[in-house]
Structures are given as structure tokens and as C-alpha cells.
Amino acid sequence: MLRTISARLAPRTVSRIAPRAFVSRAAFYSTETKLDAPGSSKDVDPKIVSIVDQISGLTLLQTADLVSLLKTRLNIQEIAMPVGGAAPAGQAAAAAAPVEEEKVAEKTEFSVKLEKFDAAAKAKLIREIKNIIPGINLVEAKKFVEGAPKVVKEGLNKADAEKLKKTLEDLGATVSLD
């Protein structure tokens, strides 16, 4: 009886259990096989690797300029992220209605739309469109003009929109403000 009590009270030795558990976990979490870092797959195009290297060398301001240029060039729209908790659908719809009413009441942003153009002034208009739209070449400007009606610029204040409209109309284009 003394043996059973002493066996119960004596601390159990871990030496029998620990080596087996350690071996099985060591084989599972082995560091002998090197894993590739995320994004450093061997199948990645060298051109992409060079672009990533160039981007990683940019300053914060240069990166912000890069993002804004990519958004305009690729026509990516801004998506407003919700702040705070999610509102129920009824509250969101009720909150959106007054905002739309305010925008209709006072319009501060205008879009300049090229409706049509005079064929004699086509070359001048193409050059002007090339200067107005950033990052566009002459071929793209020609396709843009020939594809009228198209929006030339969006989100302009009234003074800038009127100025752009007058410039394009002086070149022989028919322009509207939306």
C-alpha cells in the first residue's frame, strides 16, 4: 500500500513522454527545408521583380503620387470605407437621401463633355485634348476625339469648366457641361 501511495504522490517523470512528443513536433516544424518568402516564387517574371524593387525604393510622397497616377491612368474609382460600426440598412438609406438632395441643390463639380467637332479643326482639337488629359499620346487623343461624345474632364469647379469649355469651343468643338 505504501508503494501505491508513494507512486501517486511522487512527481511523474517527463523523460518518457517528452522525447516522443519532441520528435514528432520537430519533424513537423522542421527548419531544414527553406521556404520561399511570400511573393518570391521562382515563377515570377523578372520584369515584375524589377518593378517591385523600384517601388520599394520610393519615398512616401513618391508612392502617393504613384498611387494617384495609377488611379487616373487605370480609371479606378475611389471607394469610401465605412468609419465606425456598420449601420443598419434603413439608417444607411435614410442618411443617403439628404446627401443626394444637397448635391442637386448646389452643384459644385462639373464634367466637360465633347459632343461633336468641326472636321477642319480636328488636328488642333487632338493636340489640345493631348495637352488636357494627362498621360495620353497623340494616337489615343485621336481615338478620343473621333469617339465623341466623350467626357474630357470630370470634377472641375465652375470656373475651370467654363474656361475649358471656351477653349474647346474656340477650336471648333461643341461642348456641354454636366
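**Close-up views of a predicted model**

**View 1. Residue pairs across the strands of the sheet.** V112 stands opposite K153, a residue of β2, in this predicted model. V112 also has a bridge partner in β3, namely L177, while K113 stands opposite S176, again in β3. Strand β1, which covers residues 110-117, is joined to β3 by five bridges, and the two strands run antiparallel. The pairing of β1 with β2 is likewise in the antiparallel sense and extends over four bridges.

View 2. Three strands form an open sheet in the order β2-β1-β3, with antiparallel pairing. Because β2 and β3 (173-177) stand at the edges and have a single partner strand each, one side of each is left without a neighbour in the sheet. From one strand to the next, the twist averages 25°. Helix α8, made up of residues 158-170, packs on this sheet and touches β1, β2 and β3, and the direction of the helix makes about 165° with that of β3. In general, the strands of a sheet pair through backbone hydrogen bonds, in either a parallel or an antiparallel manner.

**View 3. The packing of helix α6 against helix α7.** Helix α6 (residues 122-132) and helix α7 (residues 138-146) pack with their axes 9 Å apart and at an angle of about 115°. The crossing in which α6 passes α7 is right-handed. On the α6 side the contact is made by K122, L125, I126, R127, I129 and K130, and on the α7 side by L138, A141, K142, F144, V145 and E146. Sorted by class, the residues of this contact of α6 with α7 comprise seven nonpolar and five charged ones, with no polar residue.

**View 4. The largest pocket and its lining.** The largest pocket of the model has a volume of about 770 Å³. Its lining consists of 17 residues, and those that lie nearest the centre of the pocket are T72, N75, I133, V152 and E154. Among the elements that contribute, α4 (60-73) and β2 (150-156) each supply at least two residues of the lining, and β2 gives the most, with five residues. By class, the lining of the largest pocket holds eight nonpolar, six charged and three polar residues.

Conventions
Residues numbered from 1 in each chain as written. Predicted model: local features only at pLDDT ≥ 70, side-chain atom pairs only at ≥ 80, totals over all residues. Heavy atoms only, no water. 1 Å grid on protein atoms, 1.4 Å probe; cavity = no way out; pocket = protein on both sides within 12 Å on 5 of 7 lines; lining within 4 Å. Points joined across faces, edges and corners; volume = space filled by probe spheres on them. Nonpolar A, V, L, I, M, F, W, Y, C, P; charged D, E, K, R; others polar. Axes fitted to C-alpha atoms, helices over the stretch in contact; angles between N-to-C directions. Left-handed = near helix turned anticlockwise from the far one by under 90°. Contact = heavy atoms within 4.5 Å. Pairing = 2+ DSSP bridges.
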